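Thanks for coming. I will walk through one chain, a few residues at a time. Please have the sequence and the model open.

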Amino acid sequence: MKTVILAGGLGTRISEESHLRPKPMIEIGGRPILWHIMKMFSAHGFNDFVVCLGYKGYIIKEYFSNYVLHNADLTVDLAKGSVEYHATNHEPWRVTLVDTGPETMTGGRLKRVAQYLEPGEPFFFTYGDGVADVDLTALAAFHRAHGKQATVTAVAPPGRYGALEIAENRVERFMEKPPGDNGLINGGFFVLQPQVVSRVADDATPFEAAPLEGLARDGELMAFRHEGFWAAMDTLRDKNQLEALWASGEAPWRQWK
């Protein structure tokens with residue numbers, strides 16, 4: 001299964017960091033949070049990524065273009081103009097980096113990368129700022145078993161995000177950021193069938209609006225309940241909390257060796 005990651009937003013609520021680089025490139029423990037997210041999927045054997053770029057996307061392109069160089073010992077023979085790599089420490093990843101526009105909304109970014117998806121095959125879809133100890137293997141299996149068009153991971157964090165009304169694991173209603181509701185919310189780890197892309201009208205369509213609302217209304221959106229750790233890096237305070245968890249050696253989302 002491929003994993004589509006949204007990495008093009010401005011990250012205005014963490015502008016202390018994002019004015020210099022894309023939000024997914026803000027570091028936790030010396031590595032971009034985007035790297036942490038990809039390691040989460042890779043720990044479950046999902047190594048094929050499509051990254052939706054936008055704001056300062058060239059920084060993400062440069063990061064992956066130089067990934068092997070920066071994670072290996074090497075000998076540079078200036079006379080021969082050659083580079084020999086030793087003891088490489090790289091990942092088994094295939095990363096497709098797609099410029100989806102600087103101001104495109106989340107649904108529009110998904111629509112722009114549709115050509116890189118496998119026809120008829122489900123794929124993961126997630127944000128470039130959230131980490132969790134969600135069982136991604138179980139999430140994929142749950143999606144394949146129920147046969148609907150979409151699965152959203154439902155979590156219960158302290159903050160307020162898009163709320164879900166669920167009955168017998170089927171999402172009956174989706175509302176983006178409703179006031180005064182303390183129910184389960186959109187945790188941002190989706191599994192989607194390719195036909196979901198047809199619900200996106202254009203670049204100006206947020207995935208969390210008409211597409212998700214329509215899926216819920218049509219009975220095509222199922223919920224995978226996750227009761228473990230979940231966090232989104234929206235603010236500098238969030239970033240510092242994740243940094244502290246990583247420094248403690250007990251980061252819950254670290255499922256790899």
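Let me start at His226. Leaving out residues up to four places away in sequence, His226 touches Ala132, Asp133, Val134, Thr153, Ala154 and Val155, where contact means heavy atoms within 4.5 Å. This is a predicted model, in which local features need pLDDT of at least 70 and side-chain atom pairs count only at pLDDT 80 or more, while totals for chains, interfaces and linings use all residues. Residues are numbered from 1 along each chain as its sequence is written, and side-chain values use heavy atoms, with hydrogens and water left out.

His226 is found in the loop between strand E14 (221-225) and strand E15 (230-232). Helices (H or I, at least four residues) and strands (E, at least two) are DSSP runs, numbered from the N terminus. Is His226 buried or exposed? Its relative accessibility is 10%, so His226 counts as buried. The cut-offs are under 20% relative accessible area for buried, over 50% for exposed, and partly exposed in between, with a 1.4 Å probe and protein chains only.

What does the side chain of His226 reach? It makes a polar contact with the side chain of Asp133, at 2.9 Å, and it reaches the backbone oxygen of Phe229, at 2.9 Å. A polar contact is a pair of N or O atoms within 3.5 Å; within protein, one must be able to donate a hydrogen and the other to accept it, and residues adjacent in sequence count only if both atoms are side-chain atoms.

Next, Trp253. Asp133 turns up here as well: with neighbours within four places in sequence left aside, Trp253 is in contact with Ile28, His36, Met40, Val131, Ala132, Asp133, Phe229, Leu242, Leu245 and Trp246. In the largest nonpolar core, which has 45 residues, Phe189, Leu242 and Trp253 touch the most other members. A nonpolar core is a set of buried Ala, Val, Leu, Ile, Met, Phe, Trp, Tyr and Cys residues joined through side-chain atoms within 4.5 Å. Helix H2 (residues 33-42) supplies the largest share of this core, seven residues. A second, separate core has 27 residues, among them Leu117, Phe190, Val197 and Ala223.

As for H2 itself, 10 of its 10 residues are buried. They include Trp35, His36, Lys39 and Met40.

Leu242 and Trp246 bring us to helix H8. H8 covers residues 236-247, and its 12 residues reach 16 Å from first C-alpha to last, close to the 16 Å expected at 1.5 Å a residue. That expected span is 1.5 Å times one less than the number of residues. Which residues of H8 are buried? Asp238, Lys239, Leu242 and Trp246 are. Seen down the axis of H8, the buried residues fall within an arc of 100 degrees, so they line one face of the helix; the arc is that of the directions from the helix axis to the C-beta atoms. On the face turned away from the buried side, H8 carries the exposed residues Arg237 and Ala247. After H8 comes Gly249, with a positive phi near 80 degrees.

Now two other positive phi values. Most residues other than glycine have a negative phi. Lys56, not a glycine, has a positive phi of about 50 degrees. Lys56 is found in the loop between strand E4 (48-53) and helix H3 (57-65), and at 24% relative accessibility it counts as partly exposed. Glu168 is not a glycine either, and its phi is positive at about 50 degrees. Glu168 lies in the loop between strand E11 (163-167) and E12, and at 79% relative accessibility it counts as exposed.

Asn71 lies in the loop between helix H4 (67-70) and strand E5 (73-77). At 15% relative accessibility, Asn71 counts as buried, and its side chain reaches the backbone oxygen of Tyr67 at 2.7 Å. E5 pairs with strand E6 (residues 82-86) in the antiparallel sense, over five bridges; two strands pair if DSSP finds at least two bridges between them. The bridge partner of Asp77 is Ser82, in E6. The hairpin of E5 and E6 has four residues between the strands, and Gly81 there takes a positive phi near 70 degrees.

That is where I stop.
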